[in-house]
Amino acid sequence: MAESHPSGGPLDDKTHSDSDNDEQTPQSPGAAEGSAAPSASKSKKNKKRSKKSKLLSAATGDKSTESGEASSSTSSTKPAAKLSDESIKTLLDINPSLKGELAGLSPDKAQEVLKKLDVSELLTGLSLNGKNQKDMASYKFWSTQPVVRFDEQRDAAIPDGPIKPVIPELVPKEAAPLPEGYEWVELDLNDGTEVKEVYNLLSHHYVEDDHAMFRFNYSAVFLDWALKSPEWKKSWHIGVRAKGASRLLVATIFGIPIKLKIRENVLDVVEINFMCVHKKLRSKRLAPVLIKEVTRRCHLDGIYQAIYTGGAILPTPVGSARYFHRSLDWLKLYEVGFSPLPPNTTQAKMVVRNQLPTTTSAKGLRPMQEKDIDAVYDLLTRYLARFELIQVFTKAEIKHWFLNNQDPQDQVVWSYVVEQEGKITDFASFYCLESTIIGGKKHDKIRAAYLYYYASDQAFNPKEKGLKERLQVLINDMLIEAKKVKFDVFNALTLHDNPLFLESLKFGAGDGHLHHYLYNWRTKPINAGVNAKNQPDESKRGGIGIVLL
């Protein structure tokens, strides 16, 4: 049962891609940058069709498409170009949504269905229901960037490594020009006035669901927590302002320095986050300019790789996880249109179904304290080492990310440990991200808890004996703690060891996915906890172990 808004809005599809126009851009929790550009002239359409034909030719090796004999599926009467069996398999491996929809078909029938699709449809990773469809021509920006192409085969014989070398001497010393009337600025998040400006921009122009019902509400304290981790760089907090008297902040993009372990390689990278463009300026195509500028600044600091996530398919996900939701206040979620009423049941039955105990079960569970930093650092470091894609934490980062330094009414993160006979055996955390209910009458916001990091020493038993049962108890206690502090819903992805407890703890499958991307780094696809049917799969654990805000 999917307990999510059917459109896949901020609470369901935590979209981290800030562009719906032709030039898709990376972003960690990003928004849809805007609507499609206005209709173009006939000559412009022909130009776009020509570009698309070249892309199709590159994907299929069919030169006839380059000469214009095969055009888009919406305008051509000729048969669409088809991918090879090998290419289809690769695309399905990185697109669990599409793969899941074909799971009920025989292999021959599935191949027959896929080969009837336009190549551009397959390359954009869209599902058969049409959600998040993007034309291949919309990736013209990404074709210039060091990212893995959709049609590129990631062979085991090719070692992991950078896609493109960066020559420091050739990195531009000055930013690229902006459209007339706008200028680059560095944002000062120690200045309360500027923090409020960022908050206002995100509040009105950031992530919004397809039906404009919900919008992420990133508070000032959340931004302070998310963007000022240890070793943060002011030069990576980038804004665009209008010149003149208004000095209006119209666009932002932020970089957060982290250490990332990708299989056997440990890299200093930048996490790209909170890219947002004012709705009235989206025709200016600021998204590619913003990403090029943060890239330039990172290159000047010797950082040549990045990680970002998105709800829409870009070239090319390293792994894709699925969202799951556990209702804590089902009636409220139903009243605001987030949770549907399943057939053959009643509101009263749904309320009862989602009830939780009033007390926790794990003996020795208590809030994390500063004295626990060393123990949590040791436990979490060993626990995460089991995964292929993780953040490598320092003790300073453990303190920043997991200890609440705000007043209780402004609390962002909740962290707990289990202490038994003086030893920390378990750790778990979640953070708060509210969404504004646009035009809400009875309710004006939804309080959503997001499962963050956790660890248990049961993972180090032979064959992980007892881990599944322990995590079911530990995460159920997190649900109880979240309910105590008035959260409405508890969200989690299929990454980490989450497939061990999602279904047993009554998490409902959402229709949103979170695609993980690496910039300027090539590696084979990494498991994200879902199988061919797009369901949580214990055997698919061990891949993605990083949680991005």
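Biologist: Why is Cys298 called buried?

Modeller: In this predicted model, Cys298 has a relative accessible area of 2%. Buried means under 20%, so Cys298 with its 2% is assigned to that class.

Biologist: Why does Cys276 count as buried?

Modeller: Its relative accessibility is 0%. Because the cut-off is under 20%, Cys276 counts as buried.

Biologist: How many disulfides does the structure hold?

Modeller: The structure holds zero disulfides. The criterion is a pair of cysteine sulfur atoms within 2.5 Å.

Biologist: What makes His299 buried, and which residues does His299 touch?

Modeller: The relative accessible area of His299 is 15%, and the limit is under 20%; His299 is therefore buried. This histidine lies in helix α9, residues 286–300. Leaving aside residues up to four places away in sequence, His299 touches Val166, Val171 and Tyr304.

Biologist: What is found at the start of α7, and against which elements do its buried residues pack?

Modeller: At that start, a side-chain oxygen of Asp191 comes to within 2.8 Å of the backbone nitrogen of Thr193. The buried residues of α7 include Val195, Val198 and Leu202. Among the elements that the buried residues of α7 pack against are β1 (182–186), α8 (220–227) and β5 (265–277).

Terms used. Residues numbered from 1 in each chain as written. Predicted model: local features only at pLDDT ≥ 70, side-chain atom pairs only at ≥ 80, totals over all residues. Heavy atoms only, no water. Helix = DSSP H or I, 4+ residues; strand = E, 2+ residues; numbered from the N terminus. Buried < 20%, exposed > 50% of the residue type's maximum accessible area, 1.4 Å probe, protein only. Contact = heavy atoms within 4.5 Å. Polar contact = N/O pair within 3.5 Å; in protein donor to acceptor, adjacent residues only side chain to side chain.
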